[in-house]
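Here is my note on the model you sent. Please read it with the structure open.

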Amino acid sequence: MRCLVGIDDTDSSRGYCTTYLAYRITTDLVPLVKVLPYPRLVRLNPNVPFKTRGNAAICLPLETSDPERAFRLLASKVAELSDVEGGANTGMVFLEDLSLKELFRPVYLDALSGIVNPNRVRRVLSDHRVKSFELGNGMGLVGAASALAFDESYDHTYELIAYRRKEFWGTKRLIDSASVKEMEIRTWPHTLNNYDHQKRKVLIAPHGPDPVLLGIRGDSPAAVLEAFRLVSFEERQLGHMIYLSNQHTDAHVEKPLDWKVYSSGWAEGKVSSPKVGPGGHVYFELDLAGKKHNCAVYEPTGDLRRVAKLLRDGDAVRVYGGVRRPTSKHLKVINVEKIQVLSVSKGPPRTLARGVYISSPRANRHLTKPFARYGYQTQEQESTEVSGWLGRPSIETPALA
């Protein structure tokens with residue numbers, strides 16, 4: 001019997017990772033639970049305050065001969081690998097009737113750009129008798145339910161995530177930067193954001209105590225697997241798994257901003273009073289039919305900040321980003337992730353032209369669409385399975401050259 005299980009909010013700043021839990025379910029619960037390719041890695045609104053790192057949930061398509069026992073085993077594994085003491089508020093949704101998946105599409109679309117109350121999800125689950133499991137305050141039910149609704153019918157990419165053995169958790173990841181740079185050259189544009197050529201930094205590895213060794217993103221399972229085989233690192237990995245994902249699709253900024261705190265989206269208007277402030281950040285007002293909204297482009301955004309410094313009064317722009325909560329020191333402001341210059345005001349010549357401008361790759365959010373994907377969308381009925389999409393612990397890792 002085919003089922004879907006969505007899971008979210010299992011990790012904390014101290015460690016763990018929801019994708020690591022997905023990997024452990026895939027390798028540990030066979031033969032009762034057989035996870036099918038491809039598990040889904042679903043990013044949601046990056047501007048919510050209650051997230052550990054990238055606000056990601058997962059959905060596992062699976063087959064089982066005993067759904068009742070599978071649910072109990074899954075709940076037990078989720079409880080084992082959730083850091084509730086560290087602040088995780090875990091949610092899991094187990095869907096046996098796949099025709100109910102459409103119920104969660106509105107939840108997914110709202111969770112991409114706003115905040116969804118978990119009680120809204122609980123009502124849907126209760127009304128349709130869908131099994132669920134929660135720990136802490138259960139906020140993770142929102143991501144778990146949202147992840148059920150994402151599939152190949154949306155624009156998507158893929159990510160191969162390699163995991164560390166427990167003895168390496170918390171230690172420095174020793175990845176050969178030259179091999180990553182070479183991999184980028186050989187696989188671009190079919191892989192994305194691997195190496196920062198401005199700062200000469202590897203972008204595929206996190207820096208925290210979590211179990212992730214590295215992640216390589218690209219436009220197909222074959223591309224990310226080929227790229228992975230070109231990277232050298234100095235530790236024996238646990239294994240790897242390829243995910244289907246909504247990363248790098250701009251899914252969170254497709255709708256106009258509703259101006260609620262923590263919401264994501266876009267707004268069009270005229271630039272007013274641009275200036276460079278402390279720290280090199282650029283600030284300006286966006287005039288929408290006489291109503292002005294504060295915008296900020298921060299120094300770490302690199303290329304985007306350099307473009308923002310060229311803005312002048314009267315330029316017509318569409319800005320994409322999220323609404324930051326006002327504080328005693330700061331006004332409500334749009335944290336800008338992307339600028340589309342619609343028209344340039346008259347005045348002395350400058351290098352600014354009409355077009356779309358985004359941050360440097362090192363400052364991209366997980367959902368930000370890089371230039372390599374502009375004019376391109378991936379939508380298909382069913383993904384093609386590649387051999388090697390799941391690397392089990394017995395798989396040897398590449399050696400350093």
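1. Cysteine 3 first. Cysteine 3 is buried, with a relative accessible area of 2%. Keep in mind that the model is predicted.

2. Where is the closest cysteine sulfur to that of cysteine 3? It is in cysteine 59, 11 Å away, which is too far for a bond. Cysteine 59 is buried as well, at a relative accessible area of 0%. Seen from cysteine 59, the closest cysteine sulfur is that of cysteine 3. A disulfide is a covalent bond between the sulfur atoms of two cysteines. The cut-off for the sulfur pair is 2.5 Å, and the structure holds zero disulfides.

3. Next, the second largest pocket. Its space is about 370 Å³. Its lining has 18 residues, and those closest to the centre are Arg2, Pro37, Arg40, Pro61 and Glu152. Two elements, β1 (2-8) and β4 (56-63), each give two or more residues to this lining. Which of the elements gives the most? That is β1, with three residues.

4. What is the lining of this pocket made of, by class? Eight of its residues are nonpolar, seven are charged and three are polar.

5. Now strand β17, residues 333-343. Eight of its eleven residues are buried, so the rest of the structure largely encloses this strand. In a regular strand, side chains alternate between the two faces of the sheet.

6. The pairing of β17 deserves a look on screen. Strand β16 (residues 316-324) pairs with β17 in the antiparallel sense, over nine bridges. Strand β15 (residues 291-297) runs parallel to β17, joined to it by three bridges. Here alanine 296 has asparagine 335 of β17 as its bridge partner. Strand β18 (residues 355-358) runs antiparallel to β17, with four bridges between them. In that pair, valine 341 stands opposite glycine 355 of β18.

7. Last, helix α5, residues 140-149. How many of its ten residues are buried? Ten of the ten are, so the helix is largely enclosed by the rest of the structure. Among them are Gly140, Leu141, Val142 and Gly143. The buried residues of α5 also include Ser146 and Leu148, along with Ala144, Ala145, Ala147 and Ala149. An α-helix has 3.6 residues a turn, so residues three or four places apart point the same way.

Terms used. Residues are numbered from 1 along each chain as its sequence is written. This is a predicted model: local features need pLDDT of at least 70, side-chain atom pairs count only at pLDDT 80 or more; totals for chains, interfaces and linings use all residues. Side-chain values use heavy atoms; hydrogens and water are left out. On a 1 Å grid over the protein atoms alone, a cavity is a set of points where a 1.4 Å probe fits but cannot get out, and a pocket is an open set with protein on both sides within 12 Å along at least five of seven lines; lining residues have an atom within 4 Å of a point. Grid points are joined across faces, edges and corners, and a volume is the space filled by probe spheres set on the points. Ala, Val, Leu, Ile, Met, Phe, Trp, Tyr, Cys and Pro count as nonpolar, Asp, Glu, Lys and Arg as charged, and the others, Gly among them, as polar. Buried means under 20% relative accessible area, exposed over 50%, partly exposed in between (1.4 Å probe, protein chains only). Two strands pair if DSSP finds at least two bridges between them.
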